[in-house]
Amino acid sequence: MSLSTARSFLSEAGYGEQELDANSALMELDKGLRSCKLGEQCEAVVLFPKLFQKYPFPILINSAFLKLADIFRLGNNFLRLCVLKVTQQSEKHLEKILNVDEFVKRVFSVIHSNDPVARAITLRMLGSLASIIPERKNAHHSIRQSLDSHDNVEVEAAIFAAASFSSQSKDFAAGICNKISEMIQGLDTPVDLKLKLIPMLQYMHHDAALASRSRELLQELVSSYPSTPMVIVTLHTFTQLATSSLIEIPKQIQLLLQYLKDDPRKAVKRLAVQDLKLLAKKAPHMWTKKNIQTLCECALSTPYNSLKLGMVSVLSTLSGTIAIKQYFSPTAGESSPAPHLTDLVKLAQECCYHSNLAVAAHGITVLANIAISCPEKDFVQLEQDTVLGMESLLLLCSQDSSTSAQATLKTALASLVQMLKGRPHLSQSCVEFLLAQLHYACDAARILICHALAAIATQLPVLGESMLGDLVELYRSAGNTSSEKQQELLVSLATVVFVASQSSLGAEVKTVIRQQLEASANGWTVYRIARQASRMGCHELSSELYQSLRTRVASEHFYFWLNSLMEFSLAERCLSGLEDKDYSGAMGAITEALKSYQKGFASLTAASTPLSPLAFQCEFIKLRMDTLQALAQLICTCNSLKTSPPPAIATTIALTSGNELQRCGRISLQMKLSMDEFRSLAGRYADLYQSSFDADSATLRNVELQQQSCLLISYVIEALILEPQTASFQDFGTLGSVQAESKYERRMMGVFNLVLEEVESLSRKHPPVSYLHTGCLCDAVIALLKVPLSFQRYFFQKLQSTSIKLALSPSPRTPNEPIPVQNNQHLTLKVEGVVQHGSTPGLFRKIQSVCLNVSSTLQAKSGPDFKIPLDTKTNEIEQRVEPHNDYFSTQFLLNFSILGSHSVTVEASVVDDSGVEWKTGPKSVVTVKSLEDPYSQQLRHQLQQQQAGAQAALRNVSNRFQ
């Protein structure tokens, strides 16, 4: 193998590519490091970050960094620079270096070089390692010495290292603070060097005394050096120090507002605005009413649009926080003025109609946030002003295709959606206005308006059938070009059409969409529209679109994926035509749906690959099939009351046994089995929910609704037939109070409430069990089936990807070889893990800690007593560890006192930042063989020999007397 082989294996693995072993990859890179050619050495060095990314465990990383340290010690400055860059890129892997002393020793030897460039690179290297060597005194001493160097490159490197160590070490920060102060205040220090030294003071936040000293020095610098660069650097350092120490934030806000108000220099004002925005994000609760009022006055009086934009953006940030409530709340002894008389509202209203679109967008955001956050009294006029301002801005931006206009339009629409969520009574007029704008807007604006309409309609049922005609006309008149904007517009308009259609799509609507897609849409656009149709429950159209796409893909896996989607849509299409009270028709529809689901599940299994196993999709479809099967069985059970009525002696049996259910005959036992089946399905849905850590909230809510429907059916069976006296409806009493977030959820919640009302009224009026009760159960089944299933985003698309990779030690040399351990000793099992993320880590939820569960089970018992005890679990331990830089490590002490083979299972689950535990896996299993210790074995053999000798002596004695 050559270096190019290692490079190809360390690149992103494609489908079917065999992974190179970690040690082999390291050996190939090591060959490159030992090459005589400088180019190959450099190439090998820069490949190390990919090696760390692919094999992120300490044993390899430690070896790799030691090799890099040797290159740093023996190579030239260019190689040292390459090693420095690799170290900085691999910062999160530094704590996995096991031999830190040896690594630092090899790197630190270069600090004694006569070459100032080599010393400078070494200082930067030490600064990059500050997180793992914060208290190394030799490094501290070298940095202090290098600050006095006459070489500018070395001094700059020393400043970088000093800043890095100051952020990590309290002792170093306290010790270097005086020296930094002397250098900054010294007359022989050049101004450009002072500008580089001042930012170091932002790290002097480890205790209050140190922060206070630094703040006094910065205050002195601001007054002593009034030049623009010095004031800008000092003020920004001031702000950074305040955000880290937290105690001086109110003073810093006042200082920045003072400079914003009094300093005439535009650059200083701009810096003050930027830092105020930083403080608005960091600590909005520390802004007083007076601070906001001062900022409003500055914004009203400034003649510069750029500064006005900055100030209004700060107010826009504050308006979405608690600071806005503090502004409008009356102070002690004063009455609060009417909202429209305050400077904040005046400023926002003035900005809404500003010629600068960005200023207008922030003005709208401020007004919308005020309308949402504040009490409703005296705000009717403000709501109207906000709506008028939004409409004028939307009217202006919707016909302008420039980037700035579209950014403004996006901000205004986001504010509108947010406001309508809190003020739903304004939604109808706003939606009508947006629909009217769709006719005149440019394509880019139409896309954004469609997104806003879909978001509003998802929250509130404001798009009705009456508006569908306008939308279809718009779809028919959409352009026939294949541009990217045009394709996006087709998808957005189709989404709004699907949301607006309260029931199934009409024939005319489907014809228009189909014709438009055939005329101008590419395959990806058709797939996206079909996917949206599946999400909105329009399965008749989606099945046709998937069918048209099957033969237009290049991979058989894609073919099977599209074929499975088509079959699932056909299955749900079978259920869409159900009629109330038509129980035999429901049985036929479920049977047809199950046929399609079985075909689709086979295709879905064929579409899965090792890189994309489609685990969630397979489990979700499996649960859907089992649910349909259980619903069909329930209808059959209800019908059995007619086909197999109770025997004539049922009443006598019931009186004899004291069980009233015996009056019903065999249906009581069948209902009990059916109830247990639905509860089991609800448990499986709960398991699917817990295993879907990366799913979006809408998908999780969908799984939760399926679980609730199963629980509802089991509960209705219990309430109507099995235990009507003890059944309570309190568990389902809160369903109506939960705000639905989608069209599908609204329909499901409506069905839940309807079923509960019917069951409650029936259970009060009629004794169980009659045809009314079984009819009510069948009606509940049909009502649930009539709601078209929604296939949510996670079924098609994984926006967040999180996985855990575990490594156990000791580990067997071969996969099936057991780990030997003596029964009088404990086994220390070390568990290391790495959290691996996709392109957007933490999009929906983040990992706070990892829960590791270790259990061992006796598999085979050796020795004379080979029977396995009933309680075969010999160890059961759980620990929680918090990953640091996506790495965690812990140890377990396991006891194997029972001789034989034990199976040790290590299972990982994650806990998110809300404290919810998710069963993500993985699960690793190793085999441990417990052996008898030599001393006990020797004693046992001696005892056996003594027993054998005693028995022989007894036999001799008995033979002598015979």
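R73 is partly exposed, with a relative accessible area of 35%, where partly exposed covers the range between buried, under 20% relative accessible area, and exposed, over 50%, with a 1.4 Å probe and protein chains only. The model is predicted, so that local features need pLDDT of at least 70 and side-chain atom pairs count only at pLDDT 80 or more, while totals for chains, interfaces and linings use all residues. Residues are numbered from 1 along each chain as its sequence is written, and side-chain values use heavy atoms, with hydrogens and water left out.

The partner of R73 is D70, and the two form a salt bridge whose closest N and O atoms are 3.1 Å apart; the term stands for a side-chain nitrogen of Lys or Arg within 4 Å of a carboxyl oxygen of Asp or Glu. D70 is also partly exposed, its relative accessible area being 24%. Because D70 and R73 lie three residues apart in helix α5, about one helical turn separates them; helices here are DSSP runs of H or I with at least four residues, strands are runs of E with at least two, and both are numbered from the N terminus. The pair belongs to a network of salt bridges that links D70, R73, E102 and R106.

R106 leads on to helix α7 (residues 100–108), whose buried residues are V100, F103, V104, R106, V107 and F108. The cover over these buried residues includes α5 (58–74), α8 and α9 (137–147).

Helix α8 (residues 116–128) in turn packs with helix α10 (residues 152–168) at an angle of about 10°, their axes being 8 Å apart. The axes are lines fitted to C-alpha atoms, for helices over the stretch in contact, and the angles run from 0 to 180 degrees between N-to-C directions. This makes α8 roughly parallel to α10, since angles under 35 degrees count as roughly parallel, over 145 as roughly antiparallel, 65 to 115 as roughly perpendicular and the rest as oblique. The contact, meaning heavy atoms within 4.5 Å, involves residues of α8 including P116, L123 and S128, and residues of α10 including V153, F160 and F165.

E540 is partly exposed at a relative accessible area of 30%, and R573 is partly exposed at 32%. Another salt bridge joins K251 to E248, again with a closest N and O distance of 3.7 Å, and here E248 is buried, with a relative accessible area of 17%.

L38, found in helix α3 (residues 38–46), counts as partly exposed at 37% relative accessibility.

For the whole structure, the secondary structure comes to 40 helices and nine strands, and a search finds 34 salt bridges. Buried residues make up 50% of the 962 residues. The protein exposes about 44,800 Å², of which carbon and sulfur atoms supply 53%, the accessible areas coming from the Shrake-Rupley method with a 1.4 Å probe and, for residues, only the protein chains shown counting as cover.
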